[in-house]
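Subject: Structure handover

Hello,

Here is the structure I promised to pass on. My notes follow below it.

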Amino acid sequence: MTLTACPDSAKNISDKLIGIFFEDINYGADGGLYAELIQNRDFEYSLNDRQEWNSTYAWTLKGEGTRMAVETAEPLHANNPHYVVLDTKTPGASLINSGFDGIVVRKGEKYDFSVFARTPGKSGKIRVSLQDGKGNELASEVVTVASRNWKKQTAVLIPQADADDAVLVLSPQKQGKYVLDMISLFPQHTFKGRKNGLRADLAQTLADLHPRFVRFPGGCVAHGNGIDNIYRWKNSIGPLETRKPMRNLWGYHQTMGLGYYEYFQFCEDIGAEPLPVLAAGVPCQNSACIPGKLLSGGQQGGIPMEEMDEYVQDILDLIAYANGDPKQNKWAKMRAEAGHPKPFNLKYIGIGNEDLITDVFEERFTMIYKAIKAQHPEITVIGTVGPFYEGTDYEEGWELATRLNVPMVDEHYYNTPGWFINNQDYYDRYDRSKSKVYLGEYAAHLPGRPNNIETALAEALYLTAVERNGDVVSMTSYAPLLAKEGHTQWNPDLIYFNNKEVKPTVGYYTQQLFGQNSGDTYIPTERKVDNTRMDVQKRIASSVIRDSRTGDLIVKLVNLLPVSVKTAVEFPGLANSSAVLHVLSGKPADQHVKPQESTINVSEKFDYEMPAYSLSVIRIPSQ
Ligand code: AHR
């Protein structure tokens with residue numbers, strides 16, 4: 001193959017092509033990215049979350065002499081109605097939390113324990129300890145419960161040994177009633193040391209993608225299963241005990257401990273644009289929804305029109321929360337009180353998530369869109385064109401977006417590798433005068449849903465086409481992002497993890513190679529492939545871009561053929577130099593390969609042999 005660059009025909013492309021899609025699916029938030037180690041810390045798990053769950057899920061009382069009850073009469077906060085009462089006649093029993101599949105603790109690290117407690121009687125003491133799976137005590141402290149009103153008690157636990165299966169043990173030391181809520185154990189070691197922060201290893205793995213934006217909180221989680229399940233950002237901010245937990249439509253519980261403040265903070269910490277996605281006043285598919293499946297003929301619905309003004313105001317308040325002046329606006333003041341007086345510099349808002357484009361949707365979307373546009377012309381609103389499957393409202397979504405002149409729309413599609421290979425010209429055909437595209441969810445799916453070299457290379461090949469179309473495609477994000485082993489509702493995902501390990505997939509490395517080697521200028525090439533068969537030609541792809549921040553040139557080559565391909569690259573004016581080469585390759589079914597780094601000499605004319613089944617990225621330093 002020969003590849004001849006045409007630098008004179010270079011065009012500007014989006015510098016935000018690679019971002020991340022965070023959704024609380026597969027235990028992505030609680031038990032995942034959110035570093036809290038106690039499961040059901042607020043006793044708010046319920047049947048509503050999952051059939052076999054109740055407010056003592058993950059808690060057990062062991063030993064004699066104490067009775068445990070869950071009560072609601074005088075809660076810590078109306079949004080957090082359940083709490084536990086330990087009525088101790090004789091000390092000896094303990095309340096134990098098993099964490100999310102056990103608690104992983106490391107010797108010498110500091111863990112912040114906290115509890116809101118009160119007692120109707122005399123003051124009492126609770127011994128708080130960490131025990132490993134064999135019952136060995138790893139750390140202990142004593143907290144006093146003396147107040148008749150709710151009062152936060154804290155202690156720092158420092159384990160004397162490592163454990164992967166620890167539990168938290170609370171043992172009343174005196175006779176009396178102990179009323180407890182929000183029992184928390186948080187590692188001091190979080191990403192960037194943030195309080196109420198993120199699991200350091202997982203967050204670092206996300207940061208290493210060099211995402212230019214983070215979409216949150218979903219996906220289907222954003223618009224919820226039914227109107228009552230719509231994610232309301234205001235429920236996710238403020239002191240933890242005042243946040244309003246909610247059923248997660250993926251079949252578990254959202255504490256909201258990882259809320260909008262934490263999302264914004266994370267974006268700032270990794271230099272990514274925040275991209276919140278809010279429901280367009282309608283829940284998943286305008287009605288009850290089985291995630292991943294579209295219901296036909298389901299009852300349509302949306303927030304009643306008489307409540308829509310309030311809902312629109314909620315969205316405007318979010319912009320104020322993120323960007324407003326704390327002296328002028330009560331939401332901005334809450335941001336400042338949480339520790340961030342400066343604005344978060346929000347620029348994008350997604351409205352809707354692959355919704356059915358019904359009249360109910362259209363009426364509400366239009367109302368929200370017009371209000372944001374009128375009051376915040378500086379914000380780019382991203383609409384939705386529905387999921388791209390047969391029988392869905394893709395066309396109607398585009399028609400509405402075009403009619404309203406929506407600046408950008410969110411497209412979603414999960415397809416076979418063959419689809420990605422055969423549709424590389426998908427965006428070549430797009431009308432440049434219409435809305436820009438945010439490809440907000442995509443992934444190559446094979447039967448059995450593995451994430452392997454075949455899917456990773458199909459995605460890489462498609463991303464070279466996205467770069468070529470970076471004048472119409474502004475952003476992309478692979479979905480879903482995170483999956484906890486043993487708690488996965490959707491495959492494939494980009495990063496699997498358990499309590500101890502983070503396991504990036506091969507698809508992760510495709511995203512990383514594109515994210516770490518992004519640019520803002522596309523340099524067209526002329527390509528000649530010796531073999532004239534279309535099916536062969538389609539399995540080879542390339543793109544050449546420049547990153548104006550560094551001046552580096554980046555050549556990406558994808559080979560989805562079972563043989564290597566000799567490539568002669570011609571780049572007029574390129575001086576002799578040494579470039580960095582990253583190659584991701586393997587057999588199609590390989591799931592555990594990583595890119596290899598080496599160097600390569602480049603010049604005006606240089607040869608490179610693409611390995612069979614490979615993505616090669618050649619980064620040529622600024623000259
Ligand atoms: O990415 C998983 C799910 O796929 C998202 O929640 C939803 O938007 C889509 O159907």
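The ligand shell first. Its residues divide into 5 nonpolar, 5 polar and 3 charged. In that count Ala, Val, Leu, Ile, Met, Phe, Trp, Tyr, Cys and Pro are nonpolar, Asp, Glu, Lys and Arg are charged, and the others, Gly among them, are polar. The shell holds 13 residues, and the closest are Gly219, Cys220, Glu354, Ala479 and Pro480.

Two notes on conventions. This is a predicted model: local features need pLDDT of at least 70, side-chain atom pairs count only at pLDDT 80 or more, and totals for chains, interfaces and linings use all residues. Numbering starts from 1 along each chain as its sequence is written.

Overall, the chain has 11 helices and 35 strands. These are DSSP runs numbered from the N terminus: helices are H or I with at least four residues, strands E with at least two. Along the principal axes, the C-alpha atoms fill a box of roughly 85 × 60 × 45 Å.

Now the sheets. Strands count as paired if DSSP finds at least two bridges between them. One open, antiparallel sheet has 7 strands, in the order β2-β27-β29-β30-β35-β32-β33. β2 (11–12) and β33 (596–602) are its edges; each has a single partner, so one side of each lacks a neighbour in the sheet. β27 (residues 521–522) pairs with β29 (residues 540–547) over 2 bridges, antiparallel. There, tyrosine 522 faces isoleucine 545 of β29.

Helix α9 (residues 453–468) packs on this sheet and touches β27, β29, β30, β32 and β35, at about 50° to β29. Contact means C-beta atoms, placed from the backbone, within 7 Å. Angles run from 0 to 180 degrees between N-to-C directions; axes are lines fitted to C-alpha atoms, for helices over the stretch in contact.

Another open, antiparallel sheet has 5 strands: β5-β6-β14-β9-β12. Its twist averages 30° from one strand to the next. Between β9 (residues 111–118) and β14 (residues 176–187), 7 bridges form. Tyrosine 111 sits opposite proline 187 in β14.

Best regards

Notes
Contact = placed C-beta atoms within 7 Å. Near = placed C-beta within 6 Å.
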